[in-house]
Amino acid sequence: MSKRNYDFDELIERRNTNCLKYDFALRRGKPEHVLPLWVADMDFRVSQEVLDAITERVQHGIFGYSEVQEDYFEAVRDWMKKRHDWSVERRWLVKTPGVVFALAMAVRAFTKPGDGVMIQQPVYYPFSEVIEDNGRRIVDNTLVLSEDGIYRMDLADFEKKAVENKVKLFLLCNPHNPVGRVYSREELEQLGEICIRHDILVISDEIHQDFVYDGKHQVFANIGDELKNRTITCTAPSKTFNLAGLQVSNIFISNADIRRRFKKEIAAAGYSQLNTLGLTACEAAYRHGEAWHEELMEYLKENLGFVREYLKKHLPQIKLIEPEGTYLVWLDFRELGLTEEERESMIVTKAGLWLDSGAIFGEAGEGFERINIACPKSTLKQALDKLKAAIAEL
């Protein structure tokens, strides 16, 4: 392997920076000095090109209302074309402060209180929140964990529940958070046929599209015109380039009527211009961040390999659900035979770790934990060593 230009082993102190991941343990009911591997941001410094662009913008010294010129769209468009073979058009783009905000706007725009909205648990927990907090019903097409350790969609169940619940809106997560699936074109085509047959609008959260370990990500809307015209595709630079705090997402909607209704809901929420520095960082990242991202992927693959071998050697009771994408790893703790409360106590109190309990992703996540491997390898080793010691005391 060639020598890296970027130091992903660097330990950067994030405490005392108002960091959600490190500075809010006590407020979230955890011990003050717990080691956090929960929330999905990375412990890596952003690329120098992004820092330079932000610095230049800051030195101007005025932060009034800002919009973007054609250069912004061209940077995003070129990334999508090169990385995902997806040709997007300027008129499709709607910018939002985040993907979760976009999900909530879609739920409000395209359903009524009491309507059922389909999701596939265990799934990123804000999916459930934006449905229930807006007075809609969760319709769960639970993913099935097969004996070969792979989660798959139960499409017969999907269609049955869609019909029974008159579902007209489906929130797709691909690559899937937390189980790490990167769905094949064939799987997505079969899913799409059902959505077309029953006139279901698809909100496709593809925020992790740039984290695929083998093969390529298939953009759902890029399968064919029928799906393109019934899909809202949610993307962002936040996961790819570690920019979550700068709050900018790029939502693509080719269907003019769907786009109009979506934008109207955003207007009703009172939101207009985005974060000035977020727009600056997004353009710089997509235009100049490819080399940084390529080396990041090499490092994440090494971290994943480290976790895989560590579990085999030291913690065979914990099963790795092999991820096809994302930097979030789904671990099966069920062999330990602990209740949710016992496992949480062991992880937090004895191991001194802050992970994401699988239960928050839905009932199907009980017995699992999600950990974030986007950190220096020394941090990852420290966390696994602490977990090993705590389990040894059981």
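## Enclosed cavities

The largest cavity has a volume of about 50 Å³ in this predicted model. Leu-37, Leu-353, Leu-355, Ile-371, Ala-383, Leu-384 and Leu-387 form its lining. The element that gives the most to the lining of this cavity is α14, with three residues. By class, the lining comprises seven nonpolar residues, with no polar and no charged ones.

The count comes to two cavities of 30 Å³ or more. In the second largest cavity, the space amounts to about 30 Å³. The residues that line the second largest cavity are Trp-86, Trp-92, Ala-221, Lys-228, Thr-231, Thr-233, Phe-252, Ile-253 and Ser-254. Two or more of the lining residues come from each of the elements β9 (231-235) and β10 (249-253). Five nonpolar, three polar and one charged residues make up the lining of the second largest cavity.

## The largest pocket

The largest pocket holds about 1,200 Å³ of space. It is lined by 43 residues, of which Ala-40, Asp-41, Leu-243, Ala-244 and Gly-245 are the closest to its centre. The elements that give two or more residues to the lining of the largest pocket are helices α1 (20-23), α2 (48-60), α4 (99-110) and α9 (238-241). Sorted by class, the pocket lining has 25 nonpolar, eight polar and 10 charged residues.

## Overall fold and dimensions

The chain contains 14 helices and 15 strands. Its radius of gyration is 21 Å, close to the 21 Å that the globule rule gives for 394 residues, so the chain is as compact as a globular protein of that length. Taken along the principal axes, the box filled by the C-alpha atoms is roughly 60 × 55 × 40 Å.

Of the contacts in the chain with a separation of 6 or more, 74% are between residues 24 or more positions apart. Among the 394 residues, 56% count as buried. The accessible surface of the chain is about 17,500 Å², and carbon and sulfur atoms account for 47% of that area.

## The segment after α14

Glu-393 lies in the segment after α14 (377-392). Its relative accessible area is 57%, above the 50% cut-off, and Glu-393 therefore counts as exposed. Glu-393 and Phe-44 are 349 residues apart along the chain, and a distance of 33 Å separates their C-alpha atoms.

Definitions and conventions. Residues are numbered from 1 along each chain as its sequence is written. This is a predicted model: local features need pLDDT of at least 70, side-chain atom pairs count only at pLDDT 80 or more; totals for chains, interfaces and linings use all residues. Side-chain values use heavy atoms; hydrogens and water are left out. On a 1 Å grid over the protein atoms alone, a cavity is a set of points where a 1.4 Å probe fits but cannot get out, and a pocket is an open set with protein on both sides within 12 Å along at least five of seven lines; lining residues have an atom within 4 Å of a point. Grid points are joined across faces, edges and corners, and a volume is the space filled by probe spheres set on the points. Helices (H or I, at least four residues) and strands (E, at least two) are DSSP runs, numbered from the N terminus. Ala, Val, Leu, Ile, Met, Phe, Trp, Tyr, Cys and Pro count as nonpolar, Asp, Glu, Lys and Arg as charged, and the others, Gly among them, as polar. The radius of gyration is taken over C-alpha atoms; the globule rule is 2.2 Å times the number of residues to the power 0.38. Buried means under 20% relative accessible area, exposed over 50%, partly exposed in between (1.4 Å probe, protein chains only). Contact means heavy atoms within 4.5 Å. Accessible areas come from the Shrake-Rupley method with a 1.4 Å probe; for residues, only the protein chains shown count as cover.
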